[in-house]
Amino acid sequence: MLFRSGRSNPRLALGKESWWWSARLVRTALWTGLALGIAWLIKIQAIFLLPVLAAWGLFWLRGRAVIWGLLVGGIAALVFVAGWPWLWDDPLGNARLYLGKTTARATIQAWYLGQPWADRELPWHYPWVLWGTTVPLGLQLAGVWGVVQSVRGWRQAAAESLFLIGLAVPLVAFSLPGIAVYDGERLFSIAYPLWALLIGRGAGGVAEWWLSTGRNRAAGGLASLLLLVAQGWGLWALAPCWLSYYSSPVGGLKGAVTLGLPPTYWGDGLTRDLWLEVDQHVPEGGVLALAPTLYESQAGEFEKQRPVRRQQRGTLVAWGTKEAEQAEYVLLINRPEYLPPGYRDLKSEDFVVSTVREGVWLAGLKRLSPGELNRE
């Protein structure tokens, strides 16, 4: 890092050698570039670190930002290419091919405000609403207080400013017109760890205030522990379906669904317990349809995830295929943008067995009536 603590100034930490060069400048650029290159190898969203580091460097390093940025970018590029043998034959061509495949994909639907949207047509506020409603209220308030403290002491808030820029860039990027957003908060989930650091900054400020007033340290520690535990109620209430968490201001999961927010994605409502119950109801040799089926191999992949495979009595097939015409049951995931319209308003009592959290069904087994597949 460019500084030993969040309360230091990186301009001073870089030393007093030449205006554009210092051993510490090179050393920090080396470690930053190494970390950036590894991040690129791990996840495509790490591309957001480029504007984050550029904005931060220009503000804090000023004239030195140019040479520092070139060193960081050069080292990161070398690490990226060295760590991915596929790029070695044609680095630029294969990199363009990779980015093209990442961005040029089929349109994905998203559920928002009670209706399906194409991924590039979602309102600009979609990522902000999801980010604001998927963090516990107490932690959200601590984060706001952390931002306030950082703004007050901005001259020494080098670390906090980096976190804040890192939080804002992905949220702003996915708010721009024509940018594809889908799967709830997944694409901008990189903002959450940075927000957690600012939450810690705010919580630390509250602790400092408590101690400065001469109040009992043990009482403060106990109160902090109880407040932290209270923020984690969703870990218990929704387990293991944590992708469906919403905070108390919107009424939790039930209130969020009433407001038209997405109840789940990725099918984490297909829990082990549900699979075991499904196998008890599907007849020997029976056919079980999966809906929605978002890609060709999804049913096969879910089959592999089922526990105790040798005891499975039925075969899972994709909804809408010829094999599904023989199905007696359908296994539904509550992703309403892809569900057949007649299945969007189902209740938990409409299922033979289901995974229900806070009164909302997330996945369930439904018996099909004769000809039902043809009607939908």
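Let me begin with a definition: a residue is called buried when its relative accessible area is under 20%, exposed when that area is over 50%, and partly exposed in between, with a 1.4 Å probe and protein chains only. On that scale, buried residues make up 44% of the 376 residues in this protein. What we have here is a predicted model, in which local features need pLDDT of at least 70 and side-chain atom pairs count only at pLDDT 80 or more, while totals for chains, interfaces and linings use all residues. Residues are numbered from 1 along each chain as its sequence is written, and side-chain values use heavy atoms, with hydrogens and water left out.

The protein holds 15 helices and 7 strands, where helices (H or I, at least four residues) and strands (E, at least two) are DSSP runs numbered from the N terminus. If we take contact to mean heavy atoms within 4.5 Å, then among the contacts with a separation of 6 or more, 70% come from residues 24 or more positions apart.

Let me turn to helix α2, residues 23-42. Its end C-alpha atoms are 29 Å apart, which agrees with the 28 Å that its 20 residues should span at 1.5 Å a residue, the expected span being 1.5 Å times one less than the number of residues. Which residues of α2 are buried? They are L25, T28, A29, G33, L36, G37, A39 and W40. These cover an arc of only 165° around the axis, which puts them on the same side of α2, and the arc is that of the directions from the helix axis to the C-beta atoms.

With 22 residues, α9 reaches 32 Å from its first C-alpha to its last, close to the 32 Å expected at 1.5 Å a residue. Its buried residues are A191, Y192, W195, L198, I199, R201, G202 and G205. Seen down the axis of α9, these fall within an arc of 165°, so they line one face of the helix. On the other side of α9, P193 and E208 are exposed. Covering the buried residues of α9 are elements that include α6 (126-133), α7 (137-152) and α8 (158-173). Just after α9, G214 takes a positive phi of about 80°.

How do α7 and α9 meet? Their axes come within 6 Å and cross at roughly 80°, where axes are lines fitted to C-alpha atoms, for helices over the stretch in contact, and angles run from 0 to 180 degrees between N-to-C directions. The two helices are therefore roughly perpendicular to each other, given that angles of 65 to 115 degrees count as roughly perpendicular, under 35 as roughly parallel, over 145 as roughly antiparallel and the rest as oblique. The α7 side of the contact includes L139, W145 and Q149, and the α9 side includes W195, R201 and V206. By class, the residues of this contact divide into 10 nonpolar, 7 polar and 1 charged; here Ala, Val, Leu, Ile, Met, Phe, Trp, Tyr, Cys and Pro count as nonpolar, Asp, Glu, Lys and Arg as charged, and the others, Gly among them, as polar.

The C-alpha atoms of L227 and L139, 88 residues apart along the chain, are separated by 9.3 Å, and L227 is exposed, with a relative accessible area of 57%.

Now to the loops. A180 lies in the loop between α8 and α9, and is buried, with a relative accessible area of 16%. Leaving aside neighbours within four places in sequence, A180 is in contact with D119, R120, F174 and L187.

Finally, some backbone details. L113, in the loop between β1 (109-112) and β2 (115-118), has a positive phi of about 55° although it is not a glycine, and at 44% relative accessibility L113 counts as partly exposed. The peptide bond from A239 to P240 is cis, with omega near -5°, and P240 sits in the loop between α11 (233-237) and α12 (252-258). The peptide bond from A291 to P292 is also cis, with omega near -5°, and P292 sits in the loop between β3 (286-291) and α14 (298-305).
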